[in-house]
Amino acid sequence: MRAETGLLSADETAFLTRQRVARLATADSDGSPHTIPVCFAYDGRNLYIALDEKPKDVPVTRLKRVRNILENPQVALVADRYAEDWDLLAYVMVRGRAELVETGTDEQTAAVRLLRGKYHQYERMRIEENPVIAIRPERVASWGALDAPGGEAEPLLETLKGRRSVRRYLEREVPDNVIEKVVEAARWAPSPHGTQPWRFAVVTKRETKERLADAMGEEWRRNLEMDGQDAAVVEKRLEGSRGRLLDAPVLLLLCLYPGDLDAYPDPERQRNETTMAVQSLGAAAQNALLAAYEQGLDAGWMCAPLFCPGEVTAALGLAPELVPHALLTLGYAAGDPPKRRSRRPLDGLVVYRD
Ligand SMILES: Cc1cc2nc3c(=O)[nH]c(=O)nc-3n(C[C@H](O)[C@H](O)[C@H](O)COP(=O)(O)O)c2cc1C
């Protein structure tokens with residue numbers, strides 16, 4: 001099956017449509033090249049690229065890509081897939097003539113709709129106030145495993161599989177903007193009724209970590225002694241746990257905020273409401289772990305605060321109604337990175353019912 005232009009095959013069309021970014025090459029009248037990454041959409045006939053500069057700040061005709069197109073409409077656009085498994089490499093290159101499609105025309109309106117459908121970020125940008133670039137394909141070339149299963153590389157699955165618990169860190173600071181992305185990711189977790197019944201505390205100062213470690217250590221010592229553990233074992237375990245807290249450059253505490261929960265007259269529904277909130281806190285924690293890993297950070301999960309919530313809120317000066325659940329340690333792994341734990345095979349976890 002061929003696409004409407006007669007130029008792109010079904011595989012080329014499918015590949016191009018799935019790609020989130022491509023490189024646009026233009027040249028000025030002297031043939032001097034200019035290449036930039038672009039977001040684009042393909043309607044089966046033409047390719048469209050938004051000009052997302054604020055209309056009043058920079059006249060679009062000042063942009064190099066636009067100046068080039070006006071001087072020399074011949075362009076090329078390449079969308080490619082890179083993967084460590086080189087059997088998955090592929091690209092599609094489209095050459096054609098580019099032009100600006102003016103605002104308010106049916107084609108520009110349709111292109112804006114298409115681009116917003118593909119990139120939700122455009123919904124908040126006034127791209128309709130600028131012309132769009134249209135590329136009318138004239139020639140296409142492609143190579144590689146365009147139809148490889150899974151389509152483009154699967155960055156999310158790679159991140160999911162790559163993440164692993166780390167318990168020892170280098171003495172290296174974590175930049176503030178990296179920490180912020182971790183908590184930002186946590187914020188986007190699903191939650192019951194969308195209530196986001198969690199609050200997070202970020203701890204980086206040594207004195208605060210010490211206060212926390214002291215408070216948690218005392219409570220843990222009481223518990224271990226109550227369990228009848230040998231004194232030497234108790235000391236060793238306490239020392240290990242204290243070290244983990246103090247040596248991690250950043251601690252991220254995830255607390256439940258019961259004030260955000262719905263109230264029910266019967267205890268069973270109230271219990272379920274709490275369970276849902278805790279489930280969503282787990283989702284927030286996983287978001288945070290993945291965002292950390294994706295940024296080259298390492299992380300570990302400590303459940304200890306769950307066993308001494310009052311001590312933790314007091315040590316950190318947090319509102320007493322918060323219920324600490326999970327403490328994530330964040331930093332850069334020391335020594336050899338730990339091996340990933342294996343997972344049970346899928347067929348031991350899933351049944352399919354038609
Ligand atoms: C709710 C929860 C509590 C955990 N508590 C601890 C903990 O207190 N100490 C610890 O070293 N790891 C803790 N972990 C991490 C698990 O041991 C770890 O995720 C598991 O062994 C799988 O290894 P991986 O994270 O490297 O894939 C916890 C994980 C979860 C989900």
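These are my notebook entries on one predicted protein model.

**Entry 1: the whole chain**

I began with the overall build, keeping in mind that the model is predicted. I looked up the secondary structure and found 9 helices and 11 strands in the protein chain. Next I took the box around the C-alpha atoms, which is roughly 80 × 50 × 45 Å along the principal axes. How does the radius of gyration sit against that of a compact globule? The protein chain has 27 Å, whereas a compact globule of 354 residues would have a value near 20 Å. I also noted that buried residues make up 27% of the 354 residues. For contacts between residues at least 6 apart in sequence, 76% join residues at least 24 apart.

**Entry 2: domains**

I turned to the domain assignment, which gives domain 1 as 10–144 and domain 2 as 155–331. The centres of domain 1 and domain 2, taken over C-alpha atoms, are separated by 44 Å.

**Entry 3: helix α1**

Which residues of helix α1 are buried? In this helix, residues 10–18, I found E12, T13, F15 and L16 buried. They cover an arc of only 165° around the axis, so they sit on the same side of α1. I reminded myself that an α-helix has 3.6 residues a turn, so residues three or four places apart point the same way. On the face turned away from the buried side of α1, I found the exposed residues A10 and R18. I then checked what covers the buried residues of α1, and the list includes the strands β3 (41–42), β5 (74–81), β6 (90–101) and β7 (132–144).

**Entry 4: D80**

Strand β5 also holds D80, my next stop. Is D80 buried or partly exposed? I put D80 down as partly exposed because 18 other C-beta atoms lie within 10 Å, and a buried residue needs 20 or more. Leaving out residues up to four places away in sequence, D80 touches A90 and Y91. I also took the distance from D80 to E180: the two are 100 residues apart in sequence and 31 Å apart in space, C-alpha to C-alpha.

**Entry 5: α5 against α8**

I then looked at how helix α5 (residues 176–187) packs with helix α8 (residues 267–294). Their axes are 7 Å apart, at an angle of about 145°, and the crossing of α5 and α8 is right-handed. From α5, the residues K181, V182, V183, A185 and A186 take part in the meeting. Their partners in α8 are A284, N287, A288, L290, A291 and A292.

**Entry 6: L224 in α6**

I picked L224, which lies in helix α6. L224 counts as partly exposed because it has 17 C-beta neighbours inside 10 Å. Not counting residues up to four places away in sequence, L224 touches Q229, V234 and R237. L224 and L238 are 14 residues apart in sequence, and their C-alpha atoms are 9.5 Å apart in space.

**Entry 7: helix α9**

I finished with α9, residues 309–316, where V312, T313, A315 and L316 are buried. Why do I say that these line one face of the helix? Seen down the axis of α9, the buried residues fall within an arc of 165°, so one face is what they line. Helix α6 (206–226) comes back here, as one of the elements covering the buried residues of α9. The others I noted include β8 (198–203), β9 (250–256) and β11 (323–331). Just after α9, I found G317 with a positive phi of about 65°.

Conventions
Residues are numbered from 1 along each chain as its sequence is written. This is a predicted model: local features need pLDDT of at least 70, side-chain atom pairs count only at pLDDT 80 or more; totals for chains, interfaces and linings use all residues. A residue is buried if 20 or more other C-beta atoms lie within 10 Å of its own, exposed if 12 or fewer, and partly exposed in between; C-beta atoms are placed from the backbone. Helices (H or I, at least four residues) and strands (E, at least two) are DSSP runs, numbered from the N terminus. The arc is that of the directions from the helix axis to the C-beta atoms. Two residues are in contact if their C-beta atoms, placed from the backbone, lie within 7 Å. The radius of gyration is taken over C-alpha atoms; the globule rule is 2.2 Å times the number of residues to the power 0.38. Domain bounds come from an automatic or database domain assignment. Axes are lines fitted to C-alpha atoms, for helices over the stretch in contact, and angles run from 0 to 180 degrees between N-to-C directions. A crossing is left-handed if the near helix is turned anticlockwise from the far one by less than a right angle, and right-handed if clockwise.
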